[in-house]
Each structure stands twice: as structure tokens, then as C-alpha cells.
Amino acid sequence: MNGPSRMSVRLVFISGAICVGVGAPTLHASALPDSYPLNRATSGPTPVDPALDAWLAEHEIKPSPMELPEDKFTEFVAKQDQVTAAFLKLARLNASEVEDEDADDPTELVGPPKSAAMSAKPKETPRSIIDAALTQLKADAASGQLSTQNHPLLPFLYLNMLKSPELDPTARADVAQRFAKTAAGTCASKQSLLTEVNRDNLSHLSDDDLKALLLRVDRYRSRSFKQVVVRRIVANIADQSQKAIGEQLLAMAQPYPALIKSTPWLSKLAEQTGKAIDNHEPELSFNKARQFAGKKLCAKAKDSMLEGLRLTKGLGSLTDATNTGKVIDGCFRASDTQLRAEFWRNITKAMNDTYGFDGWAEARLRLGFIDWSHNKFDDARAAFKEVAEKASGKFTKYEARALYSLARIAENEGDQELAANLYQDYLTRYAKQENYDEALMALGVIRASRGEWSKVLVPLKGLIDSQTDVPVDERSASVLSFALFWSGRAYLELNKFSEASEMWRRVASEYYSTYYGALGHYMLEKAIGQHLALQPARTPAFRPEMLLEPFSSEDQQKVRRVDALMRIGMHQDAICEMEEVDIADGKPEKLVIKALVMHASGRWLDAVKIYDVLPRSYRGSLPSGFERILYPQSYAQEVRSLAAKAGVDPDFVFAIIRQESVFNPLARSPVGAMGLMQIMPQTAELEMRRIGSGYMPPDLRREVVRRISSPLGLLTADTNLQIGVHHVRSLLEKYLSPIYVLSAYNASPAATQRWITNLPTKDPLVFVERIPYKETRGYVKLVLRNYFYYKRLYSDAKQDLRHFDVVANSLMAIVKSDAPGRPVAGPPKPPRT
């Protein structure tokens, strides 16, 4: 290279922009910068704020006290204050009276399970527990003990007192008054209300009482809870009361059109009052179609979708219909891939009749995609050209989508020249269409594969510059992170090491928790020869008080109740309580509290979804350790043990599970994949033939074979992991490259082999960008991103990243070489036959 050597540039850069050093000063400001210096990483996992770590240790999901054996329960209760202890003892004695079969959401399955309280009950009688608690509460009230009077778990204590048949009428009236005073809007009041809403109780209520009941129900925030209660009232209300409260009940039932439609008297009232639900009927049919598809009743799913298409009017439900069709073709794909195309051919006319050209185009594009996925390039090309020709000049959206698909097919077939021309045509004509950014990136990758690095750099620099004045939360994370990483790549190829390092510093700093952020961080470390701390650089410390500060005084008491329930292992009730905390304004400081509660309660997918919508600038201001919400870890001991037996990297397994199921052992996909690692039954059977006795002893093997012969056997966590981890080993032995492993895991081995043949490249990073299926391309990137962050969040920063080494081997060769020019990098290792 001209000028200073690579090594001297590295030294200058280390002392400058990167600011490496354990003692580097941190910025204390309310408005944090978009970009941070990267400090040297200390040994061990990425530090978690000590106060946050302590909070998580106290609150993370643990066995419910209701599930403990008697001696352990007694020991546990002895450590609690009197209110908590009395509540737990009574809850243990009271089997849950809440019938949960109508509940649509786990947040409403509240109270201890019926079977748990039966196995070991306290030696004290309910009456003795109640008398002791009431005596103490009265004494504390007389002495002014506010801490007892405001105890967050009092509503749960009073509820369980009221459940006891041993409570005499005078004491019952006293406790009922206390309950009414403390329980409004709490999970305890929801449990109480559910026990009230049955046919016997409703038959004794006057019309005014029923109206008051509906008003009580309407005050709750949880939509799923209200749906359960409204359904019960509709089902059990006396005929003579239907007229008096029918309109009020109909108004509350409007968000639940299926309930109205399935209740003759309510449906008739809707028509009489002009509140007919015709507009909801297509939605109901599409919902039902997706439900049938989930149950593998593909033919019924198709019929239900056709019914929805007959009922709908206008284009409002086109997206819903198209997405429903994709779910159904996934159902057919699980049984017979040929039936997918037949399904779309069968509904094309119905889509056209309902939505006109838009419906026809959606169906025709989907048929083209299916032909493409089956390697029928000529048929797929014909479908996309037909759409482009018919849409020309009239339906720009579909014309653009068709052209983009034609470019992807050309690239898939290895015709890079044609693909580049088609992408350029798209960029010239369709600047505001949905695939513009994808086309820009794809064209850049084609130029990169040709070594045209100056041509790669020019549009990326323009894109980066155009984003400079845009607020950080309004920038396109996917596009700008791509531009920053690939600009760094281009600068490196052009022997501009300092500029490359700055681009990678920016992407690692500004777009941490992304694929390109991980790659940029990794490459910067390799470039300077030092391990760097994960971003962002944090300024605040975690304080438990921050959980309360964003809320009103009423909601603060609810959050205290959530906290108290989580501390004693009653996470289900804690989530139920959290549903009543007001976060409707969407303020990030409120949302992050719910994300933290969901994470600690084992509702990891819900936590990830909430955390993902937080503004990036706000996420950057949180105490260190909050990123673990995005990368939860469960079944750690089982995964590490199996990974050691199989000889695979356990963090690679965690990365796959995170993307497949977010550690939900009961996850199921429309195409039939099941469990933690989303294993197909056919894959499980095939994998069991490969497993040797060194990995699985014969007795255990026979048991696993027996389990997977059951329709739900793969939903057993240990069985799923045993097969899934070995499946990862089998794919690694075959493909050697993690990129090929992940593309085969998500798409299929056949598709992966086709791409290896049709998309030859010496550069693994280019191969990732060229994967034709958008879903698989995204999947590969996300799992690799997960892998990097699992390594850095839970393992030593100096631990090897063997799979990243393979992915970035082409860049590694340049970084390690002081010679000018671009060295020839080896391709990903070919699969073994």
C-alpha cells in the first residue's frame, strides 16, 4: 500500500478514534451520542450491571412455591413476611377455582393449578391462618404500620381468605370489604370476577347489576381477559336479560366478531341495530383457514379461505388473504409439495373475482415463486414476465415486484450480467417501491463479486451521507448497516485501512445487535488485533426505582405487586398483573419495564418483540446487560452437555434455537416443524438412523424412537434437543461451512446444493447475500448474528468464533497480509458427498 505500512496505520488508529483502554472515560449525558468509541474488552462475558444482575437473580423464573414438596414449601414460607406467608399457605390449600379452558391467552391462566395444591398442604387449618393474619393486620393498623396496610399482596391474601368455606359471615363481610378496597384493577380481582361469572350467579343478578358488571369488566386493560368474561356472560345470561343489556354487551363484543357470529341472539341484535358484522366475516373465514392449516386440515383451510373470498368486498383484506394463502400452501407443502402450486391455481380465479387485477397478480406472483423454489426457472420467469406485461403502466407495484423477481432468478441461475442490468433498471424506474433497498444492495454485491470496489463504494457513500441529517431512530437500520459494513469492505480492498476501520467502528457502534454490526465488530477486532467491548458504551446504572418512575401512583402499586409476585415465583400471576399496567401511550421507559418482566418470567418471545420496537437511541441509554433480553438462554445445561457429546459449538445451537422458537418447547410451524429446534418429523426419523451409541445409549435410543412415533413427541424438550443437536452435527459434517448448514436447515439440502452449484463464489459473504430466498437469506444472517452475541454476552470475549472465522475468511486473508493488492481467498469448503 502507498504511504505508511498497514501496521503503522493500525497503531495510529488504535490511539485515535477507537479509544481502546480499560480506563477510557464514559460520557454522562441525557442525550447519548449516535456513535461510541470502542473500549478494550475485559476477560470473561460482557459485564452486566451488578444491580441489574442482582434484580434478575431475584426475579427470574423459578419453580412456583405451589409445586414444592411440603418440607421445601414450609422452609420457603418461613422466609416470607406474614402477609406473603399467609397468602401462600391459603393458596396452597385452595385449588384454583378458575376454569381456564375458555382463556385465549396464557396471561389469564391465573392462580395455582388444581393438582399442585393437593399433594402437600400446610398443617395449619385455613381458619387458624386467617385468624392469625387478620389479628396481625388489625394490630398493625392500630399502630400505624403503613408497610403492612399497603402490602402489594394484600388483594391476593384477601381473595384466598374469601375462598375458604371456614370463614364465618361476619369475618367474610369484613374481608370482602377489605378486598373491594384494595383489589380494584388487580389480577386478584380478575380471578375473583371469573369465579362470579357463571350461570347460577348471573341468574340472580338484576338488570342494573348486570350493567354494573359489564362496566367493571370494561375497566380492565387486558383484551384477552375481557374476551373470556364477555364470552361467559353471553353464554350464560338469562333470556329475559338479553333485551335489557344486549346493546351494552354487543358494544363490548364488537372486537370479537367470531363471538357475535356464533351467538344467534347477539348476531340478530347486531343486524337489528345496524351493527351487522358482515365486514368481519372475511376476517373470520381467513382466521379459521389459518387455524385449519395449523391443524394440518389443508382442504378445510382452502374451503374456508374461498368462503372468505366470496364474502369480502374491496381491497382492504387483500394482504390478509395473501398471507392466509401462504399459510395454507405451507400446510400443503408439509404433505405434498405439488399441492402448493395446485392450491394457488385453484384460488387464482377467486382472488381475481374478489380483488380484480391485484388479486390475480398476488396469486400469479406466488405461483412464480413456487416454481422458482422447485428449480423451474422457465416457468417462474414466464409467470413474472406475464405479471410485468399486464401491469405495465397501470400497476407499478406489481410491475416492480415482477422485475425484481426476474433479477433474482437471473442471479440465481448465475447470469450476473443480466441480473446487474435488471437491478439497474429497477433502481432507475422504481425509486419508491418496496424492493428498492434490496435491489441496491444486490447490485452492490454483484459489483463486489467482480472486484469493482470503486463502483461499490460510490452509491454506498452517497447513501451514508444522505442519512447524516436524519434522526437516528428514523434511519433504515438494515440499509445503513449494510452500507457501512460493505463500505468498510470496499475500503479494505482499496488498501484504505483507516477508512475501512472507521466504517466498521461505526457499524459496530451504531448498529450493534445486527448482522452487519456483529461482522463489523468482529472485523475491527481482527484488523487491530484486540478484543473490543460490545456497544453501546453505557452511562447509567440500573436502579430498581426505575421500574416505578414512569408510572402513575396507581400503576406503581401494580408494579410493586408484579415485583412481589415474581420474587416468590408466581410469574403467571405477575404477568396477569402486568397486563393491567397502563402502557398504552407507548413510552419506551414503560415498554422496557414490561419487556424486562416478560424476559424474567420466561416469556422470551414477547420480551424480544417489545424490546425490538424500542427506539435505538433509547436502547443505547439503558444500563449494560439489557441486550440479554434479545438473546435469552434456556436449557443451557442440556444444550452444553449434548453439544459436547456431538462435538458442536453450543453457542451455535443456542443461536439456532433463538431464531427457531425463542426457547419455546411447544412451538409449531404451519409446515409441521416442532419444538425448540423446529424439527420436522421426517428429519427426526432420518436423524435417528444416524445416531450412534456414543451419542445416545441403546436404551435411550429406543425411548426416543418411541417418543417420536407419537404425534407430539418432538414437543418434549429433551427429545427435541437430542435430535436437533445431532442434526446440526450431521449438517456440519456434510457441509463444513456454517452458511451452508444454516441455508440447508432453513430451506432444504436440495436448495442449498442448487445454490452451491449455481452461485459459485470464493467469498462466503457474497454467497450469503446471493441466497435467492429472502427468508433463508435473512435466517442465515440472523443466526450468525445470534451466534456472535451469544459468544460475547455469555462467554469470554477471547473465546474463538470458529463459525465467524469461516464466514469472513476472505477478509481475514487481506487483514493478515501486508502485501498490496487483493489476495485470493478460498471459497467455503464444499459439502461432503
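## Salt bridges and a linked network

A salt bridge is a side-chain nitrogen of Lys or Arg lying within 4 Å of a carboxyl oxygen of Asp or Glu. In this predicted model, Arg-221, Glu-554, Asp-555, Lys-558 and Asp-582 are joined to one another in a network of such bridges, and a search of the whole structure finds 54 salt bridges. As background, side chains of opposite charge can pair when their charged atoms come close.

## The chain as a whole

The protein chain has 45 helices and zero strands, and buried residues make up 55% of its 833 residues. Its accessible surface comes to about 35,600 Å², and carbon and sulfur atoms account for 52% of that area.

The side chains of Arg-450 and Glu-417 meet in a salt bridge, with an N to O distance of 3.0 Å. This pair links distant parts of the chain, for Arg-450 is in the loop between helix H25 (436–449) and helix H26 (453–466), while Glu-417 is in helix H24 (residues 416–429), 33 residues apart from it. Arg-450 counts as partly exposed because its relative accessibility is 34%, and Glu-417, with a relative accessible area of 47%, is partly exposed as well.

The salt bridge between Arg-489 and Glu-493 has its closest N and O atoms 3.0 Å apart, and both residues lie in helix H27 (residues 477–493), four residues apart, or about one turn of the helix. An α-helix has 3.6 residues a turn, so residues three or four places apart point the same way. Arg-489 is buried, and Glu-493 is buried too. Another salt bridge is formed by Asp-718 and Arg-707, whose closest N and O atoms are 3.1 Å apart; here the pair links distant parts of the chain, with Asp-718 in helix H39 (residues 717–735) and Arg-707 in helix H38 (residues 698–708), eleven residues apart. At 35% relative accessibility, Asp-718 counts as partly exposed.

## Helix H18

Helix H18 (residues 298–311) contains 14 residues, and at 1.5 Å a residue it should span 20 Å, which agrees with the 20 Å separating its end C-alpha atoms. The buried residues of H18 are Cys-298, Ala-301, Ser-304, Met-305, Leu-306, Gly-308 and Leu-309.

Glu-769 lies in helix H42 (residues 764–770), and it counts as buried because its relative accessibility is 7%, where the limit for a buried residue is under 20%. Its side chain is joined to that of Tyr-516 by a polar contact of 2.5 Å. Leaving aside its neighbours within four places in sequence, Glu-769 is also in contact with other residues, among them Arg-408, Val-445, Phe-482, Trp-486, Arg-777 and Lys-781.

Tyr-790 lies in helix H43 (residues 774–794), and with a relative accessible area of 0% Tyr-790 is likewise buried. The C-alpha atoms of Tyr-790 and Phe-654 are separated by 7.5 Å, although the two residues are 136 residues apart along the chain. Phe-654 is one of the residues in contact with Tyr-790 when neighbours within four places in sequence are left aside, and others in that list include Tyr-631, Pro-632, Asp-651, Arg-658 and Phe-663.

Note on methods
Residues are numbered from 1 along each chain as its sequence is written. This is a predicted model: local features need pLDDT of at least 70, side-chain atom pairs count only at pLDDT 80 or more; totals for chains, interfaces and linings use all residues. Side-chain values use heavy atoms; hydrogens and water are left out. Helices (H or I, at least four residues) and strands (E, at least two) are DSSP runs, numbered from the N terminus. The expected span of a helix is 1.5 Å times one less than its number of residues. Buried means under 20% relative accessible area, exposed over 50%, partly exposed in between (1.4 Å probe, protein chains only). A polar contact is a pair of N or O atoms within 3.5 Å; within protein, one must be able to donate a hydrogen and the other to accept it, and residues adjacent in sequence count only if both atoms are side-chain atoms. Contact means heavy atoms within 4.5 Å. Accessible areas come from the Shrake-Rupley method with a 1.4 Å probe; for residues, only the protein chains shown count as cover.
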